[in-house]
Amino acid sequence: MMSNSHDFYSDDHVRAILENARVIAMVGASSNVVRPSYGVMKFLQARGRRVYPVNPQIVGQEILGEKVFAEIGEIPEKIDMVDIFRKSEAVGPIVDQAIALNVPVVWMQLGVRNDVVAARAEAMGVRVIMNRCPAIEFERLS
């Protein structure tokens, strides 16, 4: 079901994903205020999104008022989107877990792209965005 090359996404496609993503798992979330994931999490929360931070190195701590989880499977509610702040070669197991949990959207941050993993997810009906930032796209489209 790989409908595009991931070099271009229509505004309507991105807008629909952002409007429907109310509960987001942020893999690679950081408690460090200068890290991009911290700023993106804060931005998404300010726009009414519930963002669950996922980072196995700081499990149990809090980021922006949310408890940090070790993996997306521990999050206590249905996830609409997984936002990945990890290296491209590290996304496979995260995406596989998203597929197993029936998460409808996987979003890989700026600089993160894995076409093989994306094709695997899309074959299972998951919508994939790569090499984009939801905060930037949210601002651009609003």
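Ser30 counts as buried in this predicted model, at 15% relative accessibility. Buried means under 20% relative accessible area, exposed over 50%, and partly exposed in between, with a 1.4 Å probe and protein chains only. Ser30 lies in the loop between strand S1 (23-27) and helix H2. Helices (H or I, at least four residues) and strands (E, at least two) are DSSP runs, numbered from the N terminus. Ser30 and Met41 are separated by 11 residues in sequence and by 9.3 Å in space, C-alpha to C-alpha.

Residues are numbered from 1 along each chain as its sequence is written, and side-chain values use heavy atoms, without hydrogens or water. Because the model is predicted, local features need pLDDT of at least 70 and side-chain atom pairs count only at pLDDT 80 or more, while totals for chains, interfaces and linings use all residues.

The aromatic contacts come next. A pair of aromatic rings is described by the distance of the centres and the angle of the planes. Rings of Phe, Tyr and Trp (its six-membered ring) pair if their centres lie within 6.5 Å; planes under 30 degrees apart count as stacked, over 60 as edge-to-face and the rest as tilted. Two aromatic pairs are found in a search of the whole structure. Phe43 and Phe138 form an edge-to-face pair, with 5.7 Å from centre to centre and 75 degrees between the planes. Phe43 lies in helix H2 and Phe138 in helix H5 (residues 134-141), so this pair ties together parts that are 95 residues apart in sequence. Phe43 is buried, at a relative accessible area of 14%. Phe138 also counts as buried, at 16% relative accessibility.

The other pair joins Tyr52 and Phe69. Their ring centres are 5.8 Å apart and their planes stand at 65 degrees, so the pair is edge-to-face. Tyr52 belongs to strand S2 (residues 50-54), and Phe69 to the loop between strand S4 (66-67) and strand S5 (81-84). The two residues are 17 apart, and the pair links distant parts of the chain. Both Tyr52 and Phe69 are buried.

Phe43 has a further contact. Arg47 lies over the face of Phe43, at 3.7 Å from the ring centre. A charge sits over a ring if NZ of Lys or CZ of Arg is within 6 Å of the ring centre and within 35 degrees of the ring normal.

The arc is that of the directions from the helix axis to the C-beta atoms. In H3, the buried residues are Val91, Gly92, Ile94, Val95, Ala98 and Ile99. Seen down the axis, they fall within an arc of 165 degrees, so they line one face of H3. Pro93 and Ala100 are exposed on the other side of H3.

On a 1 Å grid over the protein atoms alone, a pocket is an open set of points where a 1.4 Å probe fits, with protein on both sides within 12 Å along at least five of seven lines; lining residues have an atom within 4 Å of a point. The lining of the largest pocket has 18 residues, of which Val27, Gly28, Asn55, Phe85 and Arg86 lie nearest its centre. Helix H2 (36-46) and helix H3 (91-100) are the elements that give two or more residues to this lining. H3 gives the most, with three residues.

Most residues other than glycine have a negative phi. Leu64 has a positive phi, near 50 degrees. Leu64 lies in the loop between strand S3 (62-63) and S4, and counts as partly exposed at 27% relative accessibility. Asn131 has a positive phi of about 60 degrees. Asn131 lies in the loop between strand S7 (127-129) and H5, and is partly exposed, with a relative accessible area of 32%.
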